[in-house]
Amino acid sequence: MLETTAQRERVLKLLEEEGGVTEESVRRVAREANVPEAEVWGAGLFYTLINNPGDRVRVCDGLSCQMAGADALTERLESQGKTCERVSCLGQCDLAPATLDEQMKLVTYEGRPTGVTPDDPELPMNLGGEMDRSYAGLARAREMGAEAVIDELEASGLQGRGGAGFPAHFKWRSLRSQAETERYIVCNADEGEPGTFKDREVLLRQPHLMLEGLAIAAWTVEAKDIYIYIRGEFGNERRNLDRAMEEAREQLSCFNWHVVDGHGAYICGEETALLESLEGKRGMPRLKPPFPTEQGFRGKPTLMQNVETLACIPAILSRGGAWFKGLGRNEPGTKLYCISGHVKTPGVYELPLGVTLDELVEAAGGYEGTPMAFSPGGASSGFLPMDQRELPLDFKSLAGAGSMLGSAGVVVLNDTVDMAVASAWQLVFFERESCGQCAPCRIGTRYLRRQLDRYVQIGDPASLAQADDVGWEMEEGSICGLGMVAAKPLEAARKYFPEAFETRNSNGSSKRG
Amino acid sequence: MSEARQLPEDELFEVEINGRTCEAREGETVFEVAARQGVEIPVLCHDTRLEPAGACRVCLVEVEGQRRLQPGCAWKVSAGMKITTESDRIEKHRRVLYGLYLADHKLDDAGLPVETANANQLRMLAEKTPPLQLEAVEAPRRGRPEDENPYIKFDPELCILCARCTRYCDEIEAVNAITLAWRGSETTISTAGERGLLDTSCELCGGCIDTCPTGALIEKKAPQILPAHAEKVRSTCNFCGVGCQLDLHVVDGKVAKVTSPPVGETVNDGNLCVKGRFAYDFVHHEDRLTEPLIRREDGELHPASWEEAIEVAAKGLLGVKERHGSDAMGFVSSSRCTVEENYLMQKLSRTAFRTNNIHQCAAT
Ligand SMILES: Cc1cc2nc3c(=O)[nH]c(=O)nc-3n(C[C@H](O)[C@H](O)[C@H](O)COP(=O)(O)O)c2cc1C
Ligand code: SF4
């Protein structure tokens with residue numbers, strides 16, 4: 001039984017080693033892993049990095065890359081004889097427009113400066129500082145004892161940084177209370193929300209903080225095996241992680257570490273889809289309950305945290321939960337804000353949780369042009385108009401405004417942007433990344449994208465007459481968070497920028513108003 | 001069922017469905033409790049033989065205390081739970097959801113899901129709750145037009161991707177010939193390498209057809225639409241001793257198609273094998289023997305009565321025994337025989353002809 005499970009978990013990796021899905025590679029992998037051929041085929045075709053073997057340039061079509069001229073870049077590359085594929089946000093929004101070349105190496109074209117908060121030892125993650133290799137938080141955890149660690153976590157008020165903002169200490173307590181003693185720790189490093197590239201910076205600049213956070217988690221909830229699921233497109237980050245793990249071999253030695261590459265599916269950032277993927281299957285979210293803390297990886301209690309959440313933990317233990325909490329405004333701690341789009345110095349800035357957009361953009365060198373809208377937390381958060389610039393960028397305030405902080409992937413759009421077109425870019429993303437399991441999302445994302453395209457082409461608002469009802473059902477009826485928010489960009493754009501959705505004369509390329 | 005009835009009384013508790021109190025047990029789903037109460041919750045992706053998937057979203061209900069609608073097929077009841085299966089919110093949910101399904105489905109001139117010989121449950125739902133009218137989404141789904149297997153046809157235009165067929169093939173048959181492939185609006189039902197079913201592990205049991213709620217999977221050789229005067233006759237499959245029940249669909253005195261009786265109704269619980277479901281050509285075949293025949297001295301076969309035929313056979317066999325001895329004979333019975341028939345066969349062999357040379361073709 002255990003053996004077959006373990007075999008299935010190898011399927012995606014084996015397919016990658018084979019160079020992707022072909023009839024022959026699937027046959028070999030099925031034989032090698034002793035998994036039915038059809039399942040290998042079905043699993044492999046789910047993932048864009050393995051479902052269509054062949055060399056090509058992958059050009060990002062995330063919001064920031066689109067605004068930075070990704071379409072024109074694609075045309076240019078194609079005219080040079082290159083084969084191009086448009087792909088979902090590569091997490092390089094500060095370097096827009098971004099591409100991966102035929103060897104999956106990152107290639108960017110704009111020489112624009114990018115930024116990160118300068119060295120400040122008072123910051124929990126201090127991305128601009130020297131790499132912290134002390135593992136002092138882990139030592140402190142061992143002195144304190146498991147219960148005290150969780151108390152400290154509770155005192156810190158740390159909320160999950162992967163998007164949902166769920167208090168971390170609840171999950172840690174829940175893990176410790178499980179009767180089952182085979183438990184797993186999973187690090188969610190599948191960062192893929194358009195506009196988001198903060199976990200990337202942690203992996204590149206402070207990977208030890210994340211590793212230390214994982215070790216603390218494993219020690220506290222008494223788990224032996226730690227899995228790091230890292231986005232497949234993150235080549236540099238993966239190499240840096242390997243290096244860090246090598247450096248810290250001694251400190252990490254009490255646990256079994258497993259680094260697993262993603263294979264090209266945004267939905268695998270959703271925790272239960274990630275677990276399916278770890279198990280070698282199609283990344284389709286599971287129904288909840290049961291929650292991963294009860295039945296997660298291999299059906300066993302599993303603690304999953306985001307890279308940034310984990311990177312906060314060493315400082316919380318070394319300097320105290322109360323200290324961490326005090327760093328935030330209305331909500332606890334500092335937050336890694338990603339900012340890109342129409343600002344002077346895009347980048348990742350560690351600021352008190354709850355700063356305003358203006359404060360964030362000030363850190364990023366100021367606006368470029370006249371700002372018109374911003375997307376506060378990735379594609380999933382929709383858009384907000386500039387008259388909401390005073391809103392604290394925290395979980396509660398943004399939820400109150402019908403948006404969300406999500407992964408804090410903030411994108412600024414200035415008045416050169418057509419909001420209908422910008423919404424269409426976001427809808428393309430959701431249609432492509434829907435797992436396809438449930439109808440509201442699978443059909444709804446495609447319906448909205450097509451109707452919006454139609455509107456942009458012919459300028460007739462009637463194309464969008466049913467968009468509200470469809471968006472409503474996507475939120476009510478979808479299984480997971482992807483479908484629930486996929487209509488948000490269009491919904492928000494229509495709400496705040498109605499003039500961009502009025503009757504247009506003919507070829508639609510006219511800007512709003 | 002009988003197992004559940006033996007549970008101690010204290011495992012029973014009360015829940016409320018649409019304001020009515022009813023009894024339920026630990027581990028039961030909203031769908032199960034509602035069904036017992038005669039409260040119908042529409043659903044497409046559920047088959048009681050399979051693990052609930054909660055994927056079609058048709059069976060969403062309101063559960064007090066839950067912000068989101070929850071799938072009745074998968075949601076477990078607990079003491080005091082209050083469930084609502086009809087409300088304005090649910091009505092709107094169904095209307096828009098059905099609209100989305102229809103935007104992704106082959107429709108007839110009336111704008112309703114096309115029906116094949118196998119009832120299209122989506123059509124029935126749409127007839128009951130008029131769906132929101134939406135423009136077609138033209139999803140780029142691949143079928144397998146080249147699949148030359150003789151029995152099973154797949155039409156992606158009628159597929160709603162409930163995955164009942166793939167889950168059936170995995171969970172019930174453990175054959176895993178078909179799978180969900182690709183993703184998002186390109187998701188389809190596929191085989192490894194998109195090969196025809198004959199080149200896969202498929203055993204052509206046709207269970208996928210049986211579980212398909214929309215008729216996207218249908219029998220290739222049966223009429224695509226059964227005439228209104230088709231009759232359904234319950235019978236027993238005579239291919240083996242298991243005795244699966246069949247429903248013969250008879251048109252003008254001829255078997256036009258065979259299906260399994262509904263799940264839960266007979267011993268085979270909705271399942272059949274390739275022979276039971278598809279191998280019915282012999283019934284009306286011109287070569288079929290319909291009466292005893294004896295080869296007379298002219299070398300030709302001539303119709304005879306059973307008494308005559310049995311006597312000729314018995315005489316012949318006894319002649320062999322007398323001339324060559326008992327062990328010159330061997331008896332082989334058919335896998336189509338029941339246990340009782342096999343017993344009689346070995347009795348014939350051992351007591352009438354005194355030989356232990358008795359075999360049954362399914363024993364090897
Ligand atoms: C569609 C979708 C995509 C997600 N993507 C990510 C992701 O890329 N990284 C991440 O950490 N969490 C992501 N999440 C959130 C995870 O499901 C989960 O809540 C998180 O990893 C838990 O860790 P945290 O509490 O530390 O945030 C996503 C959720 C959804 C619904
Ligand atoms: S909401 Fe979308 S991504 Fe989530 S389970 Fe449904 S189809 Fe898959």
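1. Chain B and chain A bury about 3900 Å² between them, and carbon and sulfur atoms give 55% of that. Buried area is the accessible area (1.4 Å probe) that two parts lose on being put together, summed over both. R68(B), W182(B) and R183(B) supply 20% of the area that chain B buries against chain A, more than any other three residues.

2. This is a predicted model: local features need pLDDT of at least 70, side-chain atom pairs count only at pLDDT 80 or more, and totals for chains, interfaces and linings use all residues. Residues are numbered from 1 along each chain as its sequence is written, chains are lettered from A and ligands numbered from 1 in the order in which they are written, and side-chain values use heavy atoms, with hydrogens and water left out.

3. Contact means heavy atoms within 4.5 Å. By that rule, 48 residues of chain B touch 49 residues of chain A.

4. There are six salt bridges between chain B and chain A. The term means a side-chain nitrogen of Lys or Arg within 4 Å of a carboxyl oxygen of Asp or Glu. K92(B) and D469(A) form a salt bridge through their side chains, at 3.6 Å from N to O.

5. Ligand 2 has 13 residues around it. Near means that a heavy atom of the residue lies within 4 Å. The closest are C435(A), C438(A), C441(A), C480(A) and G483(A). The shell holds eight nonpolar, five polar and no charged residues. Here Ala, Val, Leu, Ile, Met, Phe, Trp, Tyr, Cys and Pro count as nonpolar, Asp, Glu, Lys and Arg as charged, and the others, Gly among them, as polar.
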